[in-house]
Amino acid sequence: MKELIDDLSILDGAEGCETYQTSKDSNTGKSRKLYIESYGCQMNFSDSEIVASVLQNDGFDTTSDINEADVVFLNTCSIREKAEQTVRNRLNHINGFKKKKPELLVGVLGCMAERLKTKLLEEEKIVDLVAGPDAYRDLPKLIAQVDEGDKAINTFLSREETYADINPVRLNSNGVTAFVSIMRGCDNMCSFCVVPFTRGRERSRDPHSIVAEAKALFDQGYREVTLLGQNVDSYKWSEEENNKARLEKSSVSEVINFANLLERVARIHPDLRIRFSTSHPKDITDEVLFTMAKYENICKNIHLPMQSGNSRVLDLMNRGYSREWYIAKAKRVREILGEDCGISSDMIAGFCTETEEEHQETLSMMREIVYDYAYMFFYSERPGTLAAKKYKDDITEEVKKRRLEEIIALQNEHSTFRNERMVGKVQRVLAEGFSRRSDEFLQGRNTDNKVVVFPKENFKKGQYVNVLIERSTRGTLIGKAVE
Ligand code: SAH
Ligand code: SF4
Ligand code: F3S
């Protein structure tokens with residue numbers, strides 16, 4: 001999967017996890033049907049599950065067949081120009097479809113809705129409804145407005161909304177792994193990035209509701225949760241900040257940070273695996289790393305986006321760390337969690353004013369760290385960001401693409417190398433389902449997030465299986481079950 005995604009990003013510069021999902025079918029006899037596609041990051045996929053939940057309580061079933069739908073939602077991404085173009089193409093296609101079915105309600109949700117606000121509704125007239133990431137509770141009202149013949153929009157960004165009390169409807173679930181959103185928004189202001197503008201201010205979700213959701217998932221048979229946020233390491237929750245009324249009653253002002261939260265989730269059950277994404281290198285603490293080391297069920301894998309290997313470029317990007325600082329942090333990760341701990345990264349080629357030597361420093365930094373895998377992009381200027389205002393997007397597309405290809409070629413070598421190291425070792429794998437190629441094989445991941453394929457025998461998805469790794473490719477480990 002990762003390999004496929006990386007290959008896609010080579011071909012078209014698409015968002016690392018950009019794909020779309022259709023809703024699962026729920027036929028409970030409700031009066032209308034919702035079809036939803038998600039683009040962009042895992043947060044958007046997770047948000048679509050909130051949207052499905054809100055609408056299920058408002059008389060909607062979900063459908064995976066767009067032809068059956070009364071309402072079509074695209075949950076969109078703005079991270080790069082290409083991501084928006086993909087959605088525009090899809091909207092044009094759906095509008096062709098709408099000509100045959102004029103009563104179809106078409107809505108755009110997520111980051112593009114937030115960024116473009118009224119534009120798609122009023123100027124381009126290609127949608128009926130626009131709802132930003134913090135407006136999903138308002139969807140029933142917005143749909144009612146459209147039913148009455150109006151256009152509907154809510155792009156209000158909230159400082160509090162975490163959808164803590166909404167029980168997500170698991171769309172396209174394998175019944176084994178699930179996302180749990182723990183915080184929203186981002187206060188970091190990396191100069192290239194549109195997310196702070198589309199997702200608003202950082203806010204953390206009540207830890208009690210997070211633990212309750214993870215526990216409920218475990219009780220339903222799920223065996224892995226991924227805690228999601230734009231910057232999970234800055235998770236911070238206190239009664240004082242988040243619930244003044246309750247504080248008056250209890251007068252306890254406990255502050256829960258990300259390490260504390262990880263520990264609480266890890267203690268639910270040793271058979272519930274925990275992953276998290278994304279960590280900002282500047283915020284990941286030793287306390288988090290030691291907590292990961294302490295609990296076997298917290299997976300030994302960290303996504304630690306580096307973006308560039310040159311300190312001047314990192315400074316222009318407003319990342320808050322230098323090359324040397326990042327390298328020391330990555331070494332600390334492997335010191336505390338062992339050499340096998342997976343580290344992955346995001347890289348941007350051809351940021352404003354990046355010289356050839358500075359690009360070479362990205363390559364040399366990759367050689368220094370040797371990532372297990374990476375999402376790699378060339379720089380795409382986003383309107384309204386600090387970089388768009390302050391710096392010239394002066395690297396030609398040809399040079400950006402050539403630099404990106406060099407980064408990808410090196411990463412491919414490294415992914416192959418990191419996978420080869422696993423041959424001959426026994427890995428504990430959580431089976432997630434059949435392999436993509438054959439129903440005779442199961443597929444799952446080891447603790448450091450590598451995909452492992454092995455003969456099914458009598459094993460079932462949701463089980464942990466010890467697999468002796470016999471061969472490897474760039475994207476997959478292949479082996480057989482052992483005692
Ligand atoms: N919060 C996450 C990032 C989400 S965006 C984090 O900080 O890790 C995912 C990745 O997209 C970023 O890490 C970055 O590598 C890439 N990206 C963001 N804006 C971009 C842009 N304008 N052009 C190219 N890539 C970009
Ligand atoms: Fe964007 Fe930086 Fe925030 Fe990540 S940490 S979402 S790259 S501003
Ligand atoms: Fe895209 Fe928004 Fe996620 S811009 S990457 S969908 S936060």
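This is a predicted model: local features need pLDDT of at least 70, side-chain atom pairs count only at pLDDT 80 or more; totals for chains, interfaces and linings use all residues.
**View 1. Helix 15 beside helix 17.** Helix 15 covers residues 356-369 and helix 17 covers residues 397-420; their axes come within 10 Å and cross at roughly 10 degrees. Angles under 35 degrees count as roughly parallel, so that's what we call helix 15 and helix 17. On the helix 15 side, look for E356, H359, Q360, T362, L363, M366 and R367. They meet R402, R403, E406, I407, L410, Q411 and H414 in helix 17. Sorted by class, this contact between helix 15 and helix 17 has four nonpolar, five polar and five charged residues.

View 2. Around ligand 2 you'll find C186, N188, M189, C190, F192, C193, V195 and P196, along with Q230, H280 and R319. By class, that shell around ligand 2 has seven nonpolar, three polar and one charged residues.

View 3. C41, N44, T76, C77, S78, I79, C111, V195, R199 and Q230 surround ligand 3. Domain 1 (15-154) and domain 2 (177-239 + 255-420) each give at least three residues to this shell. The class tally for the ligand 3 shell is five nonpolar, four polar and one charged.

**View 4. One of the nine aromatic pairs in the structure.** The ring centres of Y136 and Y163 sit 5.9 Å apart with their planes at 15 degrees, so this pair is stacked. Y136 is in the loop between strand 5 (129-131) and helix 6 (139-147). Its partner, Y163, is in the loop between strand 6 (152-154) and strand 7 (177-181). The two are 27 residues apart, and the pair links distant parts of the chain.

Note on methods. Residues are numbered from 1 along each chain as its sequence is written. Chains are lettered from A and ligands numbered from 1 in the order in which they are written. Side-chain values use heavy atoms; hydrogens and water are left out. Axes are lines fitted to C-alpha atoms, for helices over the stretch in contact, and angles run from 0 to 180 degrees between N-to-C directions. Helices (H or I, at least four residues) and strands (E, at least two) are DSSP runs, numbered from the N terminus. Angles under 35 degrees count as roughly parallel, over 145 as roughly antiparallel, 65 to 115 as roughly perpendicular and the rest as oblique. Contact means heavy atoms within 4.5 Å. Ala, Val, Leu, Ile, Met, Phe, Trp, Tyr, Cys and Pro count as nonpolar, Asp, Glu, Lys and Arg as charged, and the others, Gly among them, as polar. A residue is near a molecule or strand if one of its heavy atoms lies within 4 Å of it. Domain bounds come from an automatic or database domain assignment. Rings of Phe, Tyr and Trp (its six-membered ring) pair if their centres lie within 6.5 Å; planes under 30 degrees apart count as stacked, over 60 as edge-to-face and the rest as tilted.
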